[in-house]
Amino acid sequence: MREVEYGHATDDLGMLNFRVGLPLERATYFDRTAADGQMGSIMRMYRDWQLSGDDELLLKLWPNVKKAMEYCWIEGGWDADKDGVMDGCQHNTMDVQYFGPNPQMGIWYLGALRASEEMARYTGDVKFAKTCRKLFEKGSKWIDENLFNGEYYIHLIEAPESIDDIAPSLLKGLESKDLGNPDYQLGEGCLVDQLVGQYLAHICGLGYLTDEQNVKTTLQSIMKYNYRDDSNSDFNSMRSFVLGDEKSLVMASYPGDRPKHPFPYFTEAMTGFEYTAAVGMLYEGQTEDGLLNIKNIRDRYDGLKRNPFNEAECGHNYARAMASWGAVVALSGFQYSAVDQSMAFAPFEGSMFWSNGSAWGVCTQSDSTVELSVAHGSLLLSSFSLTDATQLTFEKPLKIQAGEKAVLDIR
């Protein structure tokens with residue numbers, strides 16, 4: 001997927017097409033990009049490089065990954081003034097364009113800047129790494145100071161002064177016809193996946209993108225405002241993926257002012273978005289709430305009411321439901337880097353499944369030992385750590401083959 005994105009679907013300007021044509025000679029035929037998709041893809045490039053340790057792939061694709069990051073800064077682009085805040089015309093997964101700074105795209109942007117910083121530094125592009133770091137720090141501070149309302153992050157709608165202020169490559173498919181007062185915005189709503197960039201940053205081991213306490217408070221607010229004990233009472237203007245007395249997290253709620261015409265899906269509930277919030281709760285220690293939301297989804301797709309292997313959203317077998325696997329990573333605290341041959345877990349009692357993409361197995365912890373088994377593939381480790389600061393460094397890399405296990409003394 002990364003080879004398709006950066007080897008075929010990125011144009012000379014750095015625009016990553018969010019629909020890829022086949023055969024691959026037509027990969028850029030769609031000629032449209034999405035702000036959240038492009039930023040998320042940069043983070044996934046970092047994740048896949050870390051999991052695989054494939055330096056050759058990184059070096060091969062890095063020029064276009066860098067272009068994709070620089071695309072944010074083109075004239076009339078998402079962050080044309082390079083202040084670390086995404087505020088231009090932002091097409092996104094809601095099938096509309098947001099205008100002005102908002103948490104959904106803004107925090108994805110911060111995550112992409114952090115990922116780009118790490119990749120640039122590794123490839124020796126120190127100047128670019130410093131640029132990304134500077135923009136990340138400025139943008140993170142600005143978002144906390146200007147978008148966090150004390151309970152969650154909001155969208156400041158900023159209409160463009162003129163259509164000429166928008167880069168031509170971002171003008172395709174404009175849904176709102178009145179750019180002076182654009183429709184289909186989030187506004188002051190509490191969005192269920194406003195922290196989706198933070199979700200992936202945690203999985204990638206990139207740390208907090210905004211203030212840690214604000215992140216925790218935002219997730220509590222999502223439970224407060226977006227949680228529904230049943231689906232009988234609320235009006236839904238779109239598709240009904242939740243029915244009757246089923247429990248869910250709705251896409252957006254409006255404790256305060258609501259735009260006359262919000263983004264189209266605000267009354268819906270879709271599992272991929274719910275998982276994003278739920279996994280975020282697990283990472284922040286709000287375990288009871290996180291597991292409750294996951295249980296509610298699985299109760300809806302229990303094999304009696306719906307197919308348990310097909311959590312439908314926009315279509316059947318919709319890929320966003322795969323966000324659920326983040327729960328395994330969050331609960332186990334799993335981190336792995338094939339680049340520096342390191343593995344880490346949170347301290348826990350009992351056994352947890354792990355997978356790094358090329359190998360998988362089980363980690364079993366007790367008071368004094370960690371038993372690390374490999375069921376498939378092989379594992380090469382130079383260090384192993386627990387997030388309570390327990391760390392083991394091996395003089396000679398530890399190699400565990402399929403069917404083998406290593407017992408580590410952590411006293």
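Student: Okay, where is Asn317 found?
Tutor: Asn317 sits in the loop between helix 9 and helix 10. Keep in mind that this is a predicted model.

Student: And what's phi there, at Asn317?
Tutor: Phi of Asn317 is near 55 degrees, a positive value in a residue other than glycine. Most residues other than glycine have a negative phi.

Student: Is Asn317 buried or exposed?
Tutor: Asn317 is exposed, because its relative accessible area is 57% and the cut-off for exposed is over 50%.

Student: Which loop holds Asp31?
Tutor: Asp31 is in the loop between helix 1 and helix 2. Asp31 also has a positive phi, about 60 degrees, although it is not a glycine. Its relative accessibility is 31%, so Asp31 counts as partly exposed.

Student: Which residues does the cis peptide bond join?
Tutor: Leu22 and Pro23, with omega about 0 degrees. Pro23 lies in the loop between helix 1 (2-7) and helix 2.

Student: Which of its residues are buried?
Tutor: In helix 9, Gly290, Asn293, Ile294, Asn296, Ile297 and Arg300 are buried. Looking down the axis of helix 9, the buried residues fall within an arc of 150 degrees, so they line one face of the helix.

Student: What covers those buried residues?
Tutor: The cover includes helix 7 (212-226), helix 8 (271-283) and helix 10 (326-332), along with strand 4 (227-228) and strand 5 (248-249).

Student: And helix 2 with helix 4, at what angle do they cross?
Tutor: Roughly 35 degrees, and the axes of helix 2 (residues 35-52) and helix 4 (residues 103-123) come within 8 Å. The crossing of helix 2 and helix 4 is left-handed.

Student: Which residues meet there?
Tutor: From helix 2, they include Met39, Gly40, Met43 and Trp49. On the helix 4 side, Trp108, Gly111, Ala112 and Tyr122 are among them.

Student: Which way do the pairs run?
Tutor: Strand 7 and strand 8 (residues 342-345) pair in the antiparallel sense over three bridges; Tyr336 has Met343 in strand 8 as its bridge partner. Strand 8 and strand 12 (residues 378-386) run parallel, joined by four bridges. Strand 12 and strand 13 run antiparallel, with seven bridges between them. Leu381 has Leu398 in strand 13 as its bridge partner.

Student: How many residues lie between the strands in the hairpin of strand 12 and strand 13?
Tutor: Four, and in that hairpin Ala389 takes a positive phi near 90 degrees.

Student: Last one: what's the pairing in the sheet with order 9-10-11-14?
Tutor: Antiparallel, and that sheet is open with four strands. Its edge strands are strand 9 (350-355) and strand 14 (405-409), each pairing on one side only. Strand 9 and strand 10 (residues 360-365) pair over six bridges, and Met352 has Cys363 in strand 10 as its bridge partner.

Definitions and conventions. Residues are numbered from 1 along each chain as its sequence is written. This is a predicted model: local features need pLDDT of at least 70, side-chain atom pairs count only at pLDDT 80 or more; totals for chains, interfaces and linings use all residues. Side-chain values use heavy atoms; hydrogens and water are left out. Two strands pair if DSSP finds at least two bridges between them. Helices (H or I, at least four residues) and strands (E, at least two) are DSSP runs, numbered from the N terminus. Buried means under 20% relative accessible area, exposed over 50%, partly exposed in between (1.4 Å probe, protein chains only). The arc is that of the directions from the helix axis to the C-beta atoms. Contact means heavy atoms within 4.5 Å. Axes are lines fitted to C-alpha atoms, for helices over the stretch in contact, and angles run from 0 to 180 degrees between N-to-C directions. A crossing is left-handed if the near helix is turned anticlockwise from the far one by less than a right angle, and right-handed if clockwise.
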